[in-house]
Amino acid sequence: MMIAVLGSTGSIGRNTLGVIRDFSDKFNVTALSTNSNIDILSQQIKLFHPALICIRDKNSALDLKSRLNLKNIKLFVGEEGLEEMVQDKRIDKVVLAISGASALLPLLKAIESGKDIALANKEALVMAGHIIMQKATHKKITIIPIDSEQSGIWQCLSSEDKNKLKNIYLTASGGPLHKISRKYFKNISVSQVLKHPRWKMGVKISVDSATLMNKGLEVLETMHLFGVEPDKIKILIHPEALIHSMVEFTDGVILAQLSITDMRIPIQYALTYPERLANKLPNIDFLSVKKLSFQEPDFKRFPCLGLAYRVAQDEGTMPAVLNAANEVSVSEFLKNGLDFVSIPRVIERVLNRHRNKIAPDLDDVLEADSWARREAYQAMQKLRH
Ligand code: MG
């Protein structure tokens, strides 16, 4: 099977290539893409010999050209380049490991050209889940989730009647601030946020894990992937992070998916589905697990959760607005331009100012996204005064 890995230099991308290397008799890398990380991309090109590469940043693309002989490789540049590359006939499956809203258009192009999708990105589904799922159904392609919770739900539901679903329990480790009192939140630093207790991840998702917006985005992701109403999606804080999600049926039976906390497991399943292949990863040792604990999420300390449920009820362009305002606030926080507690404040201000458009088409979604980005900058200015 020929695989395209979009966002190959990030955390999920590198893990995906690791899995592909472990099963090199089954998978080949046709295409790789990065924003600007040409150091890692060069190494990946030498190891995997892709036929196609895409670099989003023009200067980095020129840089790579001067460094590496790209004789047998077709180089694409920029966002349009990525949208063109994913349509290449040689690609069977596209792994979407790009973070943020910029994954939306390449994802839609990949679906339109009939590729199966292994999806790690959640922002695209949050913004335009109804459009993505409709297109996927129309094209008869499968979107297999890589996000560990969604992979868990996918596996629990695989042979079940979805009409008999009662609740979905989305588990959350609680993030790096789980045990920290709200009075310290104002001075939370970037480095504190980047230390996650259970998962090693990219910077954007690390901040989202600290605000619990990551879980909020997952509520929206679950809604679209499995066609479930938001009031049936319950969040459970589960610090041991061994249960990746649970599904409850109308007869009271609950199925849970457990595995060690290693992203290579959901990545592998998304690549090999519906097959399961033996790997060399460690297993859960139940006797060394002292307990599995569960708590209610704290909506007061983590207002992003409530905001996510709010837009999940509203639907329309509200989720795209939430996502865009979050992306802007998070990137500003990472540059030390916004304090931690202001992230949900900025998002809430922008949501309050948005006039929701129900059943939006792609243009409406993209317009709401750029509107919300501008509004988020204004909201940040106001909060500073
Ligand atoms: Mg997750």
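Reply: Gladly. This is a predicted model. Take the surface first. Leu258, Phe286, Leu292 and Phe294 form a nonpolar patch there, with about 340 Å² of accessible area together.

Me: What makes Leu292 partly exposed?

Reply: Its relative accessibility is 33%. Buried means under 20% and exposed means over 50%. The value for Leu292 falls in between, so Leu292 counts as partly exposed. Leu292 sits in the loop between helix 11 (264-272) and helix 12 (303-314).

Me: Now the metal. Which residues are the protein donors of the magnesium ion?

Reply: They are Asp147 (OD), Glu149 (OE) and Glu218 (OE).

Me: Why are these atoms called donors?

Reply: A donor here is an N, O or S atom within 2.8 Å of the metal. These atoms lie 2.1 to 2.2 Å from the magnesium ion, so they meet the cut-off. In sequence, the donor residues are spaced D-x1-E-x68-E. Asp147 and Glu218 link distant parts of the chain, 71 residues apart. Asp147 is in the loop between strand 7 (143-145) and helix 7 (148-157), and Glu218 is in helix 10 (residues 213-226).

Me: How do you know whether Asp147 and Glu218 are buried or exposed?

Reply: Compare each value with the 20% limit for buried. Asp147 has a relative accessible area of 8%, so Asp147 is buried. Glu218 is at 1%, so Glu218 counts as buried.

Me: Why is the contact between Lys215 and Glu149 called a salt bridge?

Reply: The rule asks for a side-chain nitrogen of Lys or Arg within 4 Å of a carboxyl oxygen of Asp or Glu. The closest N and O atoms of Lys215 and Glu149 are 2.7 Å apart, so the pair qualifies. Lys215 is buried, at 4% relative accessible area. Glu149 is buried too, at 8%.

Me: How many salt bridges does the rule give?

Reply: The count comes to 21. Among them is the one between Arg353 and Glu375, whose closest N and O atoms are 2.7 Å apart. Arg353 lies in helix 14 (residues 342-353) and Glu375 in helix 15, so this pair ties together parts 22 residues apart in sequence.

Me: What makes Arg353 exposed and Glu375 buried?

Reply: Arg353 is at 54% relative accessibility, over the 50% limit, so Arg353 counts as exposed. Glu375 has 10%, under 20%, so Glu375 is buried. Some salt bridges also share partners. They join Lys122, Asp147, Glu149, Lys215 and Glu218 into one network.

Me: Last, the second largest pocket. What volume does it have, and which element gives the most to its lining?

Reply: Its volume is about 330 Å³. Of the 20 residues that line this pocket, the closest to its centre are Ser259, Ile265, Gln268, Arg276 and Asn279. Helix 11 gives the most to the lining, with five residues. Helix 7, strand 11 (254-258) and helix 11 are the elements that give two or more.

Conventions. Residues numbered from 1 in each chain as written. Predicted model: local features only at pLDDT ≥ 70, side-chain atom pairs only at ≥ 80, totals over all residues. Heavy atoms only, no water. Donors = N, O, S within 2.8 Å, 3.2 Å for Na, K, Ca; no water. Helix = DSSP H or I, 4+ residues; strand = E, 2+ residues; numbered from the N terminus. Buried < 20%, exposed > 50% of the residue type's maximum accessible area, 1.4 Å probe, protein only. Patch = residues over 30% accessible without salt bridge, like charges linked within 9 Å, V, L, I, M, F, W, Y side chains within 5 Å. Areas by Shrake-Rupley, 256 points an atom, 1.4 Å probe, with all protein chains shown as cover. 1 Å grid on protein atoms, 1.4 Å probe; cavity = no way out; pocket = protein on both sides within 12 Å on 5 of 7 lines; lining within 4 Å. Points joined across faces, edges and corners; volume = space filled by probe spheres on them.
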